Amino acid sequence: MLKSSFLKQFFKQKKMVGSIAPSSRFLADKMLNHLAIKEAKFIVELGPGTGVFTKKILAEMGPESQLIVIELNEDFHDNLQKTIVHPNFHLFHDSADQLGVLLKQIGGEKADIIISSLPFANLPPELRDSILDCIHENLEEGGYFVQFQYSLQSKKHIKQRFPATKISYTPLNLPPAFIYSCRKRD
Ligand SMILES: C[S@@+](CC[C@H](N)C(=O)[O-])C[C@H]1O[C@@H](n2cnc3c(N)ncnc32)[C@H](O)[C@@H]1O
């Protein structure tokens, strides 16, 4: 999908899409490079858009890894469905708060890694809270939740569930982004 098509989706559904352009490869590297993707059994991606992170995860995951991807925007979903063919890729046209149900549908109890690009700052507070609760509930102990945002607006809500969250920043993205890296602990 072209960058211009991403912009078109932004103008159609500004709050849902939350950005004018797909993420850069610098942001993708910073989000994903420290994760043990190859060894993970169940990996979840929320809000893949045009699939910048999706393709990198698929290229790095091991033969036993399963990738569950949830996208609410119909055009983004349909484009990924047409263009990605992989036996361990499970794409759903649904909302991220259905994560637990969808993970179980493909035989997973908990995810080892959850990657999210959801625009939390644009979501209604009840939906944001329900998605964050769902992420926490469906992540393995010791598992990683990695999320980017364009502001620190959601910091408080993320830290409530993941007190040991580390935040880093990359200017090499449009717009520049904060990366929240969260490990689930008892
Ligand atoms: C900022 S874009 C990021 C797209 C892509 N991951 C990237 O980095 O280029 C946010 C994405 O989240 C999706 N999204 C928004 N709300 C969602 C929800 N409740 N459930 C699933 N996807 C959602 C949007 O449709 C969009 O694809």
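Where does glycine 18 lie? Glycine 18 sits in the loop between helix 2 and helix 3. Helices here are DSSP runs of H or I with at least four residues, strands are E runs of at least two, and both are numbered from the N terminus.

A quick word on the model. This is a predicted model: local features need pLDDT of at least 70, side-chain atom pairs count only at pLDDT 80 or more, and totals for chains, interfaces and linings use all residues. Residues are numbered from 1 along each chain as its sequence is written.

Back to glycine 18. Leaving out residues up to four places away in sequence, glycine 18 touches Pro119 and Asn122. Contact means C-beta atoms, placed from the backbone, within 7 Å.

Next, the ligand. The ligand is surrounded by 23 residues. The closest are Ser23, Gly47, Gly49, Asn73 and Ser117. Near means a C-beta atom, placed from the backbone, within 6 Å of the molecule. Helix 2 (14–17), helix 4 (52–60) and strand 2 (66–71) each give at least two residues to this shell.

Last, a helix pair. In helix 3, Ala28, Met31 and Leu32 meet Val52, Phe53, Lys56 and Ile57 of helix 4.

Notes
Two residues are in contact if their C-beta atoms, placed from the backbone, lie within 7 Å.
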